[in-house]
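Hi there,

I'm passing a structure on to you, together with some notes on what turned up in it. Have a look at it first, and then read on.

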Amino acid sequence: MSSAEDPDVLTDALGAVDVADDAPSASVRFVDGTSTAPIEDEPADDAERDALEAFRARLAKDGVEIPSTMSANGGEPGVCLRFLRARKLKVEKALKMLRDCLAWREANDVDAILDEPLDLEEFKTNARMYPASYHGRDVLGRPVYIERTGSAKFADLVKKLGHDGFVKMHLRAMEYQSRVLLPAASADAGRLVSKMCNVIDVGELSLYDTVSHSEVLTVLRKIAQIDQDYYPENLGATLVVHAPWSFTAAWAVVKPFLDAKTAAKFKVLGTGDAGVEKLTKVLGEGNVPAFLGGTCVCAGGCVCCDPRTGETAGVLTTEQVEYARFRTGDGERGGSKPGGCAGTVAG
């Protein structure tokens with residue numbers, strides 16, 4: 001078994017974190033309607049198998065249909081199993097959770113959120129205030145999202161977009177991950193890849209100062225609730241880097257917004273060479289951005305306004321442009337090749 005297939009690689013690096021995307025597989029259908037050989041999620045044991053059978057029977061009895069926009073990765077079994085796992089295989093609780101999700105998606109027209117591309121110029125403006133980008137895949141084949149949280153101007157962006165606009169920005173990213181990035185990762189890996197790997201560069205951020213703005217605190221709380229209620233079992237790990245000494249205390253302000261399982265997936269990496277070594281074990285050799293202590297220097301930056309390259313002429317990274325231009329029906333799969341980032345050059 002290679003390191004890319006071995007969850008113990010990350011367990012050794014990060015401790016007891018849920019890092020495995022090791023469910024065997026059977027379909028991936030992309031948002032444009034095309035499909036590859038089936039890769040569906042499967043029950044991990046008899047308990048999940050029994051729960052899935054009972055859950056499907058209830059869905060059929062009650063006439064509940066799962067939309068294709070929710071089953072692009074892992075198929076219909078994947079949707080059922082995500083909600084069952086989020087509710088510890090309790091069928092009635094999982095059924096209520098799914099019903100609430102379906103009602104929320106209809107009320108907010110979530111299925112249509114990828115129908116149109118973003119305005120690139122407006123996206124550039126927003127990206128300057130909230131520098132982030134997708135950045136290839138980690139050693140388990142999971143899409144990687146890197147965010148320079150320490151440089152983000154949350155209050156300014158919330159003021160510009162409003163609460164609803166800020167939430168919609170987040171929802172588009174979540175739908176892009178579940179309908180585009182994860183299905184593409186599964187197809188390339190030949191097995192189900194159902195979770196994301198997030199890298200959060202805290203830098204000099206004062207988390208307390210950020211959440212002390214009531215408007216920011218309100219919208220962050222809403223987003224955390226949306227992710228837990230409507231996108232269960234999506235997060236593999238969130239790795240916090242460049243954390244100042246004050247971060248641990250300030251983290252206590254945000255942690256209560258997350259359920260215990262989600263909070264446990266946040267890992268603060270050490271500083272210096274030890275931190276870079278742990279990050280390399282997760283992202284892979286040559287895939288850690290130079291501004292995080294690695295060697296990767298993407299053309300145009302590894303994130304928007306990369307500290308190593310500065311603001312480039314196009315502002316956005318290659319993967320940010322792919323994300324902004326994507327719309328349902330284009331036939332794009334999104335993301336870059338496993339273990340790498342788009343446009344990597346030697347650094």
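**Strands and helices**

Val-240 stands opposite Val-268 in β5. Before going further, please note that this is a predicted model, where local features need pLDDT of at least 70, side-chain atom pairs count only at pLDDT 80 or more, and totals for chains, interfaces and linings use all residues. Residues are numbered from 1 along each chain as its sequence is written, and side-chain values use heavy atoms, leaving out hydrogens and water.

Strand β4 (residues 235–241) runs parallel to β5, and three bridges join them. Here strands (E, at least two residues) and helices (H or I, at least four) are DSSP runs numbered from the N terminus, and two strands pair if DSSP finds at least two bridges between them.

Five strands make up an open sheet with mixed pairing, in the order β1-β2-β3-β4-β5. At its edges are β1 (132–137) and β5 (266–268), each pairing on one side only. On average, neighbouring strands of this sheet are turned by 20 degrees against each other, direction ignored. (Axes are lines fitted to C-alpha atoms, for helices over the stretch in contact, and angles run from 0 to 180 degrees between N-to-C directions.)

Helix α6 packs on the sheet, touching β1, β2 (143–147) and β3 (196–201); contact means heavy atoms within 4.5 Å. The direction of α6 makes about 10 degrees with that of β1. Helix α11 (residues 272–283) lies across β1, β2, β3 and β4, at about 155 degrees to β3.

**Salt bridges**

How many salt bridges are there? The count comes to 16, taking a side-chain nitrogen of Lys or Arg within 4 Å of a carboxyl oxygen of Asp or Glu. One joins the side chains of Asp-41 and Arg-85 (2.9 Å, N to O). Asp-41 lies in the loop between α1 (8–14) and α2 (46–62) and Arg-85 in helix α3, so this pair ties together parts 44 residues apart in sequence.

Enjoy exploring!
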